[in-house]
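Open your viewer, switch to a cartoon view and colour by chain. We will go from stop to stop, selecting one thing at a time.

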2 protein chains.
Amino acid sequence: MISRDPDELFAAAGAGSRTALARLLTYAESGGENQRATAARAYRGRPPYVVGLTGAPGAGKSTLTDRLIGEALARGPFDDSGPTAVAVLCVDPSSPFSGGAILGDRIRMQEHATNDAVFIRSLATRGHLGGLSLAVPDATRVLGTVGFAVVLVETVGVGQMEVDIASAADTTVVVVNPGWGDAMQASKAGLLEIADIFVINKADRPGVRETRRDLEQMLDLGADARWRPTIVETVASTGAGTAELYEAIEAHRRHLEAEGLEVARRQRVRAELDKVLASVLRSRVVDLARGAAYEEQLDALVAGETDPYRAAEALLGAP
Amino acid sequence: MISRDPDELFAAAGAGSRTALARLLTYAESGGENQRATAARAYRGRPPYVVGLTGAPGAGKSTLTDRLIGEALARGPFDDSGPTAVAVLCVDPSSPFSGGAILGDRIRMQEHATNDAVFIRSLATRGHLGGLSLAVPDATRVLGTVGFAVVLVETVGVGQMEVDIASAADTTVVVVNPGWGDAMQASKAGLLEIADIFVINKADRPGVRETRRDLEQMLDLGADARWRPTIVETVASTGAGTAELYEAIEAHRRHLEAEGLEVARRQRVRAELDKVLASVLRSRVVDLARGAAYEEQLDALVAGETDPYRAAEALLGAP
C-alpha cells in the first residue's frame with residue numbers, strides 16, 4: 001500500500017514511483033496539512049525550468065506541447081544536469097467549477113505517457129486555499145524536487161488567471177493562429193505583459209503574414225526593451241517549426257541567465273509569497289465570517305446603516 | 001467648476017448632473033479617500049435592480065442592451081416607483097491591463113445617450129483595491145442612490161471574474177448564439193451557476209433548435225429546483241424577441257420577490273463584505289511587503305530554506 005506521508009512519498013517519487021508523485025500533486029491541489037507538508041519539502045528542492053504555454057482553445061497547444069516533449073527528450077535538458085525528464089501540467093481555469101481537470105484531446109500526448117522520462121498530469125483545484133494560482137507553482141516545485149528538469153504548463157485562455165499562472169513560468173509561450181488579429185486586439189496589453197515568445201501555429205493556413213505583421217506592430221508599440229518576444233511559425237501537426245520553437249525557448253533562457261535567472265526568480269518568489277499571504281488572510285476572513293460580530297455588520301449593511309468598507313474596518317480594527 | 005466633494009456630487013447627481021455622476025463613478029473605480037466617502041453614501045441609498053448581461057465577444061450583448069433600454073423606457077420601472085431611469089455599465093475584465101474601458105461598438109447605444117433617463121458608462125479599475133469585483137457593486141449602488149431604478153451591467157466572457165460580477169446582479173442573462181454547443185460544453189457548470197435567463201441571440205441563424213436542446217439538456221441535469229432558467233430567442237438587430245426577454249427578466253424579479261428579495265440581497269451583501277474584507281487584508285499585505293521582516297522571509301525562500309506557507313505564518317503570526 002502506498003504511503004500517505006509526504007516525506008515517504010517524495011522518496012518514492014524521487015526513485016521513480018508515479019503513484020507517489022501523483023499523490024503528491026493531489027496534495028498540492030488539495031490544501032490542508034498534507035499540502036503544507038508537501039510544499040515544505042517541495043520549496044526546499046531544485047526549482048525546474050518552467051515553460052508556460054497559453055492560448056485560446058483550439059489553438060493547438062496540446063499538439064505543440066507534445067512536440068516540445070519530443071524536442072526536450074531528443075536534446076537533453078537546458079543545463080546538462082543529467083538525463084532529461086519532462087513533466088506537463090495541463091490547467092484549464094476557465095471553468096471555475098469543473099476545476100478544469102479535462103484531459104480532452106490528449107490522446108497524442110499519451111504516446112509519451114509510457115516513457116519513464118515523461119510525466120503528464122492535469123491540474124484542478126480541489127480545495128487549495130489559493131486556487132490554481134498557488135496550486136500551479138506548488139506543483140511545479142514538487143516536480144522539480146523529484147527530478148524533472150523541465151515543466152511545461154499548458155493553460156487555456158489569456159485572462160487574469162492565466163496571467164497569474166504565467167507569472168509562475170520562466171518562459172511564457174503565447175500560441176495564436178493565423179487570422180486572429182481581431183481576437184488579439186482585445187487582449188493586446190495582457191498578451192504583451194506575459195509573452196516571451198509568440199507562436200503562430202497552423203502556419204500552413206492563410207493569414208500568417210497578416211498575423212505576424214499585427215504581432216510585430218504590437219511589439220513595436222510596447223515590448224520590453226530588454227527582450228523583444230520572438231515570433232515563431234509552426235505547424236504542430238507536422239512538426240514544422242517546432243525545433244525553432246524549442247530553440248527560441250533556449251534563447252530566452254540564455255537571456256534570463258545573462259540578466260540573472262536569480263533576479264527573475266526572486267520576483268516570482270515574491271509574487272508567490274504575496275499570493276500565499278493573501279490566501280492565508282482570506283481564510284482568516286472565512287473564520288471571521290462565522291462570528292456574531294460579522295452577522296451584526298451584515299444586519300447593518302442590509303439595513304443601509306453602513307457600507308462594506310466601514311464594516312470591514314469595524315471587524316478588522318484600524319490598520 | 002464642479003465640486004470634488006462626494007456629498008456635493010451626490011446632491012448634484014441626484015438633481016440630474018451627469019458630470020457629477022461621472023465623477024462619482026470615477027471615485028468608485030479609483031480607490032482612496034474619495035472612493036470610501038462615495039461608498040459610505042452609496043450604500044445608504046436605495047439599491048437599484050441590477051440586471052447582468054454576459055456572454056462571449058460578438059454574441060450581441062450591446063445590441064441587446066440597447067433594446068432592453070428601449071423596453072425599460074417604454075414600460076416604466078419594475079416596481080412603479082416613479083419615472084424610469086436606466087443606467088448601463090459596460091465592463092470588460094478580460095484584459096487586466098486596459099481595465100476594459102473600451103466602448104467599441106456602442107454607437108447604437110449612443111442614440112439613447114442624449115436621453116435624460118439613460119446613462120451609459122464603461123467601467124475600468126483605476127486603482128480600486130478590490131478591482132472590478134468591488135468597483136461594479138459600488139458603482140451600481142451609486143447609480144441606485146442617485147435615482148436609477150434599473151442598472152444593466154454588461155460583461156464579456158464567462159470566467160471567474162464574470163461569475164464574481166454576476167454575483168452582484170439580481171438577474172443574470174447569459175447570451176449565446178446558435179451553434180455554440182461545443183463552446184458552452186466547456187463552461188457548462190459556470191453558466192448554470194450564474195444564469196437566470198439564457199438568450200439565444202441571432203436566432204435567425206441556423207442551429208437554434210440544437211442550441212436550445214443543448215441548453216435544455218444542461219438545465220435538466222443541474223438547474224436549481226426553485227428557478228429553472230428561462231430560454232428566450234432573440235434577433236437583437238431587428239428587435240425580435242426582446243420584449244419577451246424583458247418579460248422574462250420581470251418574471252425572474254417576481255420569482256425573487258416571492259422568495260424574498262431581501263434573502264437574495266443579504267447573500268449578495270455577504271459576498272460583498274467578504275470581498276472587501278479580503279481586499280483590505282490584501283492591502284495590509286502590501287504594507288507588510290515594505291518591511292524588513294518580509295525581505296528576510298524572501299531571502300530564506302530564494303535560498304530554499306522555507307516555503308511560502310511557513311513564511312506567511314512567520315509574517316502574520318499564528319491564526
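Helices (H or I, at least four residues) and strands (E, at least two) are DSSP runs, numbered from the N terminus.

Before moving on, some ground rules. This is a predicted model, in which local features need pLDDT of at least 70 and side-chain atom pairs count only at pLDDT 80 or more, while totals for chains, interfaces and linings use all residues. Residues are numbered from 1 along each chain as its sequence is written, and chains are lettered from A and ligands numbered from 1 in the order in which they are written.

**Stop 1: the sheet of chain B**

Select the strands of chain B. Seven of them form an open, parallel sheet in the order β3-β2-β4-β1-β5-β6-β7. Two strands pair if DSSP finds at least two bridges between them. At the edges you will find β3 (118–123) and β7 (230–233) of chain B, each pairing on one side only. On average, neighbouring strands of this sheet are turned by 20° against each other, direction ignored.

Now zoom in on β1 (residues 49–55) and β4 (residues 150–156) of chain B, which pair in the parallel sense over seven bridges. Val50(B) stands opposite Val151(B) in β4(B).

**Stop 2: the sheet of chain A**

Move to chain A, which has 13 helices and seven strands. The seven strands form an open sheet with parallel pairing, in the order β3-β2-β4-β1-β5-β6-β7. β3 (118–123) and β7 (230–233) of chain A stand at the edges with a single partner strand each, so one side of each has no neighbour in the sheet.

Select β1 (residues 49–55) and β4 (residues 150–156) of chain A: they pair in the parallel sense over seven bridges. Here, Val51(A) stands opposite Leu152(A) in β4(A). Contact means that the C-beta atoms of two residues, placed from the backbone, lie within 7 Å.

**Stop 3: helix α4 of chain A**

Select residues 61–75 of chain A. This helix, α4, has 15 residues and reaches 21 Å from its first C-alpha to its last, close to the 21 Å expected at 1.5 Å a residue. The expected span is 1.5 Å times one less than the number of residues. Among the buried residues of α4(A) are Lys61(A), Thr65(A), Leu68(A) and Ala72(A). A residue is buried if 20 or more other C-beta atoms lie within 10 Å of its own, exposed if 12 or fewer, and partly exposed in between, with C-beta atoms placed from the backbone. Following α4(A) is Gly76(A), with a positive phi near 85°.

**Stop 4: helix α12 of chain B**

Go to residues 292–302 of chain B, helix α12, and show Tyr294(B), Gln297(B) and Leu301(B), which are buried. They lie on the same side of α12(B) because they cover an arc of only 65° around the axis. The arc is that of the directions from the helix axis to the C-beta atoms. Ala292(B) and Glu295(B), on the other side of α12(B), are exposed.

What covers the buried residues? The cover includes α11 (261–288) of chain A together with α11 (261–288) and α13 (308–316) of chain B. Just after α12(B), Gly304(B) takes a positive phi of about 75°.

**Stop 5**

Show Ala135(B) in helix α6 (residues 132–145) of chain B. Ala135(B) counts as buried because it has 27 C-beta neighbours inside 10 Å. Then show Glu8(B) in helix α1 (residues 6–14) of chain B. Glu8(B) is exposed, with 12 other C-beta atoms within 10 Å.

**Last stop: confidence**

The mean for chain A is 81. Confidence is highest in β7(A), at 96, and lowest in helix α5 (residues 110–113) of chain A, at a mean of 59. Over residues 94–108 of chain A, pLDDT stays under 50. Where pLDDT is low, the predicted coordinates should not be read in detail.

Key: Axes fitted to C-alpha atoms, helices over the stretch in contact; angles between N-to-C directions. pLDDT = per-residue confidence, 0-100.
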